[in-house]
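Biologist: I am new to reading protein structures. Could you walk me through one, feature by feature?

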Amino acid sequence: MIKAMSALDYSLPRFSLRALAVWRRNFLVWRKLAIPSLLGNLADPMIYLFGLGYGLGGLLPQVGGVTYIAFLASGTVCGSTMNAASFEALYSSFSRMHMQKTWEAIMNAPVSLDDVMLGELLWAAAKASLSGVAILAVILMLGFVASPLALWALPVIFITGLCFAALGLIITALAPSYDFFMYYFTLFITPMVLLCGVFFPPINCHPWYKPSPHGCR
Amino acid sequence: MHPQSPLIVSTLQKSYAGKRVVDGLNLELVRGECFGLLGPNGAGKTTTLRCCLGLTTPDSGAITLVGLPVPAQAREARASIGVVPQFDNLDPDFTAAENLLVYGRYFGLSDADIRPKIPELLEFAGLAGKENANIRTLSGGMKRRLTLARALVNDPDLLVLDEPTTGLDPQARHLIWERLKRLLSQGKTILLTTHVMDEADRLCQRLARVDAGRMMTICPPRELIREHIEAQVVEVYGEDAPTWALNQAPAFAQRVEVSGETAFCYVSDATALLQHLADKPQLRTLHRPANLEDVFLKLTGRDLRD
């Protein structure tokens with residue numbers, strides 16, 4: 001007998017391997033549109049990188065001991081990983097939850113909501129990592145990074161992806177509509193991009209503002 | 001196969017925002033039967049199904065699905081269940097075959113297990129050769145059939161269908177019914193909700209009438225008709241029908257209901273009534289046997305139930 005079980009369940013999530021089936025579902029959709037998706041994920045940050053990097057960089061002396069474009073390049077890796085994870089966990093997950101009822105279909109099978117969440121989280125992190133790694137690869141090829149230590153960025157990229165995917169999924173769970181995501185971007189993501197050292201070192205800011213070092217550096 | 005009943009529900013209760021949606025519902029399916037939950041919109045049918053599948057946690061009551069307690073072991077229990085939801089939720093990004101493949105993976109089946117089954121499932125759904133069809137190009141009836149095929153990917157013991165033919169044209173509806181009968185003949189158990197009376201009459205061995213979250217009666221469809229309603233119905237149409245129904249009809253019919261310009265006269269013997277009506281050419285008549293829809297309307301009223 002169930003005795004007045006509360007709708008709010010605070011127990012720890014219970015995951016199973018079925019989460020991988022959820023991940024694979026998203027991967028199969030992505031594979032059909034891989035080329036335009038990758039190009040889209042690469043083009044935007046690259047335009048910023050070269051536009052600002054060379055345009056603004058020409059006016060600036062070195063920043064933190066490197067050229068401005070090399071400084072901006074590492075910030076771009078972080079920024080686009082964050083963006084890719086956020087967009088996937090917000091807009092795409094919201095579509096799957098509300099518009100397409102994909103999650104509802106999945107949960108009629110022996111897959112729990114916990115598994116769906118884990119699959120979505122790992123998927124958004126994986127897709128974001130791909131964005132981050134693609135940009136890292138481009139800047140390695142262009143020679144903005146010389147040290148093999150740059151490869152340590154790989155785990156950081158994945159953790160950044162996980163982190164922002166998880167935050168995004170929380171917002172998705174709370175959001176009544178797509179419009180709600182604008183608050184998240186305007187009040188959270190954009191200030192973070194501007195204040196956490198993607199475009200300039202945080203050290204140049206007002207003396208009372210001492211952010212923790214950016215994930216990438 | 002589980003020897004016991006595929007689904008046992010006792011004193012199920014569920015409230016949303018203080019409103020009792022399911023109120024002490026009891027239910028026990030017999031293996032191999034088609035059991036229909038009949039009720040108006042908002043009667044609590046879908047909520048009952050969601051509770052049975054472990055997707056909604058009931059306030060109280062006990063559910064045993066294929067021998068397992070729900071919601072505690074709902075995930076394991078769902079491995080032997082096929083679900084056709086009320087609204088199609090096929091994956092629009094995939095072809096028909098990919099929909100089946102991906103859905104099979106949710107059951108832990110390997111691609112090697114699923115792929116050989118796909119042509120067979122599509123064939124069953126009347127979609128042979130549509131492997132590579134985009135979901136967006138399928139008609140409503142085709143999507144419904146593909147959803148049914150998807151529910152069979154794990155070869156379930158129990159099929160749960162929430163209004164399986166709502167919104168379909170007659171051809172598509174008949175095809176679904178024919179397929180469901182075929183599944184019953186293979187020994188599957190079916191639990192369905194419907195408000196299509198024809199469907200309940202054709203498919204179900206037993207019907208439960210649900211209203212306001214309560215189970216009113218459980219019996220075979222014919223018995224439901226016999227118990228609740230006179231054997232014959234004479235529908236009388238025309239501008240004068242309401243006045244006629246008020247003044248003259250009670251003399252000939254046991255029960256008269258008026259809805260707009262139609263009077264429904266319920267009688268056990270229609271001879272006298274039809275003779276009387278023969279002299280009234282301004283009133284058009286339709287004489288037919290009583291059906292489940294009449295029972296449904298009698299018991300739940302003619303007014304909208306939203």
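Biologist: Let me start with the place where the chains meet. How much area is buried between chain B and chain A?

Modeller: Please keep in mind that this is a predicted model. The size of an interface is often given as the accessible area lost when the parts come together. Here, chain B and chain A bury about 2600 Å² between them, and carbon and sulfur atoms give 56% of that area. On chain B's side, B:Arg75, B:Arg105 and B:Tyr106 supply 27% of the area that chain B buries against chain A, more than any other three residues.

Biologist: How many residues of each chain are in contact there?

Modeller: The contact involves 31 residues of chain B and 27 residues of chain A. There are also 11 residue pairs in polar contact between the two chains. Looking at secondary structure, β4 (60–65) and α3 (96–105) of chain B are the elements that give two or more residues to the side touching chain A. Of these, α3(B) gives the most, with four residues. That side of chain B divides into 15 nonpolar, seven polar and nine charged residues.

Biologist: Charged residues make me think of salt bridges. How many salt bridges cross the interface of chain B and chain A?

Modeller: To spot one, look for a side-chain nitrogen of Lys or Arg within 4 Å of a carboxyl oxygen of Asp or Glu. That rule finds four across the interface of chain B and chain A. One of them joins B:Asp91 to A:Arg25, with the closest N and O atoms 2.4 Å apart. Another salt bridge brings together the side chains of B:Asp111 and A:Arg24, at 3.4 Å from N to O. This pair crosses from helix α4 (residues 111–114) of chain B to helix α1 (residues 18–32) of chain A.

Biologist: What about salt bridges inside chain B? Which residue pairs with B:Arg255?

Modeller: B:Arg255 forms a salt bridge with B:Glu230, and their closest N and O atoms are 3.6 Å apart. B:Arg255 sits in strand β12 (residues 255–259), while B:Glu230 is in the loop between α9 (221–228) and β11 (232–237), so the bridge ties together parts of chain B that are 25 residues apart in sequence. B:Arg255 is buried, at 19%, and B:Glu230 counts as buried at 17%. B:Arg288 and B:Asp294 also form a salt bridge, at 2.8 Å between the closest N and O atoms, and both of these residues are buried. Some bridges share partners, and in this way A:Arg24, B:Arg105, B:Asp111 and B:Arg115 are joined into one network. Over all chains, the search finds 25 salt bridges.

Biologist: Now for the rings. How many aromatic pairs are there over all chains?

Modeller: The whole structure has 20. To read a pair, check the distance between ring centres and the angle between ring planes; planes under 30 degrees apart count as stacked, and over 60 as edge-to-face. For A:Phe87 and A:Tyr91 the centres are 5.6 Å apart and the planes are at 20 degrees, so this pair is stacked. The two residues are four apart in helix α3 (residues 68–99) of chain A, which means about one helical turn separates them. A:Phe87 is partly exposed at 42% relative accessibility, and A:Tyr91 is partly exposed at 25%.

Biologist: And what kind of pair do A:Tyr178 and A:Phe181 make?

Modeller: Their ring centres are 6.4 Å apart and their planes are at 75 degrees, so the pair is edge-to-face. A:Tyr178 is partly exposed, at 28%, whereas A:Phe181 is buried, at 0%. Both pairs belong to a cluster linked by ring pairs, whose members include A:Phe87, A:Tyr91, A:Tyr178 and A:Phe181.

Biologist: Last one. How many helices and strands does chain B have?

Modeller: Chain B has 12 helices and 14 strands. Of its 306 residues, 54% count as buried.

Methods. Residues numbered from 1 in each chain as written. Chains lettered and ligands numbered in written order. Predicted model: local features only at pLDDT ≥ 70, side-chain atom pairs only at ≥ 80, totals over all residues. Heavy atoms only, no water. Contact = heavy atoms within 4.5 Å. Buried area = accessible area lost by both parts, 1.4 Å probe. Polar contact = N/O pair within 3.5 Å; in protein donor to acceptor, adjacent residues only side chain to side chain. Nonpolar A, V, L, I, M, F, W, Y, C, P; charged D, E, K, R; others polar. Phe/Tyr/Trp six-rings, centres within 6.5 Å; stacked < 30°, edge-to-face > 60°. Buried < 20%, exposed > 50% of the residue type's maximum accessible area, 1.4 Å probe, protein only.
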